[in-house]
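Visitor: Hi! Could you walk me through this one?
Guide: Happy to, here it is.

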Amino acid sequence: MLFRFLSSILFALLLASGAAAADSLVFSNAWVRATPPNAKVAGGFVAIRNAGKSADRLISASSDAAERVEIHEMKMAGDVMQMRQLTEGMAVPAGQSVALEPGASHLMLIAPKQAIAEGQKITITLVFAKAGKRIVEFTVARQAPQTDAGMSHDHMH
Ligand SMILES: [Cu+2]
């Protein structure tokens, strides 16, 4: 009986550590493109790295700053670049990074409730199939933030 009790505690601990292991999504370069006042949409971009061992999926997004937030992709239809909503969301494979970036997949803030002006912060909640909700702060900018890759490393001597 005692053994049974101990093993159920152990099982609970394993479940808890499993939940912690799901917490392995890393977000970088989160930004929303500044729009003119009264713009009907704004594009949101972020790199998502899944450092975990199980595949996940971005299934929806929302923000207080907009009526709704959709997950879009850009696709060529003949000669024309078109946007469509990814109603099934976007896969984030284990051990890989996916980039929401201009000209590719992106978040679309529909009917912004406020001016989206340079320098502002916009909080967007990203919902993942396994990891659940993640709250990510996006900076409003005119263009993609520069990463500092390579600047302070690898000097030749
Ligand atoms: Cu779009």
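**Strands and core**

Guide: Strand 1 (residues 25–33) and strand 10 (residues 132–141) run parallel and are joined by three bridges. Strands here are DSSP runs of E with at least two residues, helices are runs of H or I with at least four, and both are numbered from the N terminus. Two strands pair if DSSP finds at least two bridges between them.

Visitor: Before we go on, where do the numbers come from?
Guide: This is a predicted model, where local features need pLDDT of at least 70, side-chain atom pairs count only at pLDDT 80 or more, and totals for chains, interfaces and linings use all residues. Residues are numbered from 1 along each chain as its sequence is written.

Visitor: Which residue stands opposite tryptophan 31?
Guide: Threonine 139, in strand 10.

Visitor: And how do strand 9 and strand 10 run, parallel or antiparallel?
Guide: Antiparallel, with eight bridges joining strand 9 (residues 121–128) to strand 10. The two form a hairpin with three residues between them, and leucine 126 has arginine 134 as its bridge partner in strand 10.

Visitor: New topic: how many residues has the largest nonpolar core?
Guide: It has 26, and Val32, Leu107, Leu109, Ile124 and Phe138 have the most contacts inside it. Such a core is a set of buried Ala, Val, Leu, Ile, Met, Phe, Trp, Tyr and Cys residues joined through C-beta atoms within 7 Å; buried means 20 or more other C-beta atoms within 10 Å of a residue's own, with C-beta atoms placed from the backbone.

Visitor: How much of the chain counts as buried?
Guide: 22% of its 157 residues.

Notes
Buried ≥ 20, exposed ≤ 12 C-beta atoms within 10 Å, placed from the backbone.
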